[in-house]
Amino acid sequence: MSGRDGIGMTSERTRMRMIDALRADKIVNERVLGAMMEIPRHVFVDEGIASRAYEFDTALPIGHGQTISAPIIVALMTQLLMEKSPMNKVLEIGTGCGYQTAVLARLVKEVYTLERIAPLMDKARRHLRDLRFYNVRYKHVDGHEGYPEGAPYDGILMAASATHVPEALKQQLAVGGRMVLPVGIDDQWLYVIDRDAKGFTEKRCAGVRFVPLLTGLA
């Protein structure tokens, strides 16, 4: 059995328990649940904490002051992003270890992912290559300005908390597109931003806790 398949607390049975917990906590999109069932979350974290990889409400450290979001947060944000319409091209801000990237890449045709910390991006690239994801484009850039070269995007998902909704990101959203991101410093909320022909609408959804969106490269 390979490390990808897992044993004990990283086995497929443990992953199924995580899916059951997500389903019980109002995650109803079966495509999102299916993607999370297929992707071995334990390979994205250090071996010493791999046994905790499928705790559905637990974020884990991945080094450099960053975390891998709890499965419930990954599921909720992905469900919110995907509930409006099918998406071909998505921008992710904050690659981290690459787990959320993998979930997105399972569900959409093309993912652009931005990360300001080079060692994390290198690690994510290795994880995703080992799992044979070939529809991801990696960019080592500051996420505040997005990636206009790839715009417009059907969806934008941010995995770090901004102090406000960045205008540059709104402008990179396709008409009919949706953005999901945490906003706030001490008091953080998940926001959903929709763009239609008339402009933008925003909705505040749930209280969350993310690392802050930082500037500059590392």
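Predicted model: local features only at pLDDT ≥ 70, side-chain atom pairs only at ≥ 80, totals over all residues.
**Entry 1: ground rules**

Residues are numbered from 1 along each chain as its sequence is written, and side-chain values use heavy atoms, with hydrogens and water left out.

**Entry 2: the sheet**

I took helices (H or I, at least four residues) and strands (E, at least two) as DSSP runs, numbered from the N terminus. Two strands pair if DSSP finds at least two bridges between them.

In what order do the strands of the open sheet run? I find seven strands in the order 5-4-3-6-7-8-9, with mixed pairing. Strand 5 (136-139) and strand 9 (199-208) are the edge strands, each pairing on one side only. From one strand to the next, the twist averages 15°.

I then looked at strand 3 (residues 89-93) and strand 4 (residues 110-114): they run parallel and are joined by five bridges. Leu-91 has Tyr-112 of strand 4 as its bridge partner.

Next I checked what lies across the sheet. Helix 3 (residues 71-82) lies across strand 3, strand 6 (153-158), strand 7 (173-183), strand 8 (188-196) and strand 9. Helix 3 runs at about 155° to strand 7. For such angles, axes are lines fitted to C-alpha atoms, for helices over the stretch in contact, and angles run from 0 to 180 degrees between N-to-C directions.

**Entry 3: the hairpin**

Strand 1 (residues 60-63) and strand 2 (residues 66-68) run antiparallel, joined by three bridges. Pro-61 has Thr-67 in strand 2 as its bridge partner. The two strands form a hairpin with two residues between them. In the turn I noted His-64, which has a positive phi of about 60°.

**Entry 4: aromatic rings**

Rings of Phe, Tyr and Trp (its six-membered ring) pair if their centres lie within 6.5 Å; planes under 30 degrees apart count as stacked, over 60 as edge-to-face and the rest as tilted. I find three aromatic pairs in the structure. One of them is Tyr-112 with Tyr-153, edge-to-face, at 5.7 Å centre to centre and 70° between the planes. This pair links distant parts of the chain, with Tyr-112 in strand 4 and Tyr-153 in strand 6, 41 residues apart.

Is Tyr-153 buried or exposed? Tyr-153 is buried, with a relative accessible area of 0%. Tyr-112 and Tyr-153 also belong to one aromatic cluster together with Tyr-147.

**Entry 5: Trp-189 and charges over rings**

A charge sits over a ring if NZ of Lys or CZ of Arg is within 6 Å of the ring centre and within 35 degrees of the ring normal. Arg-204 lies over the face of Trp-189, at 3.8 Å from the ring centre. Arg-41 lies over the face of Tyr-99, at 5.5 Å from the ring centre.

I stayed with Trp-189, which sits in strand 8 and counts as partly exposed at 25% relative accessibility. Contact means heavy atoms within 4.5 Å. Leaving aside neighbours within four places in sequence, Trp-189 has contacts that include Leu-181, Pro-182, Arg-204 and Val-208.

**Entry 6: salt bridges**

A salt bridge is a side-chain nitrogen of Lys or Arg within 4 Å of a carboxyl oxygen of Asp or Glu. How many salt bridges does the structure hold? I find eight.

- Glu-110 and Arg-137 meet in a salt bridge at 3.0 Å, N to O. This pair links distant parts of the chain, with Glu-110 in strand 4 and Arg-137 in strand 5, 27 residues apart. Glu-110 is partly exposed at 21%, and Arg-137 is partly exposed at 42%.
- Glu-30 and Arg-23 meet in a salt bridge at 3.0 Å, N to O. Asp-20, Arg-23 and Glu-30 are linked in a network of salt bridges.
- Glu-167 and Lys-170 meet in a salt bridge at 3.7 Å, N to O. These residues are separated by about one helical turn because they are three residues apart in helix 6 (residues 167-171). Glu-167 is partly exposed at 43%, whereas Lys-170 is buried at 15%.

How values were computed: Buried < 20%, exposed > 50% of the residue type's maximum accessible area, 1.4 Å probe, protein only.
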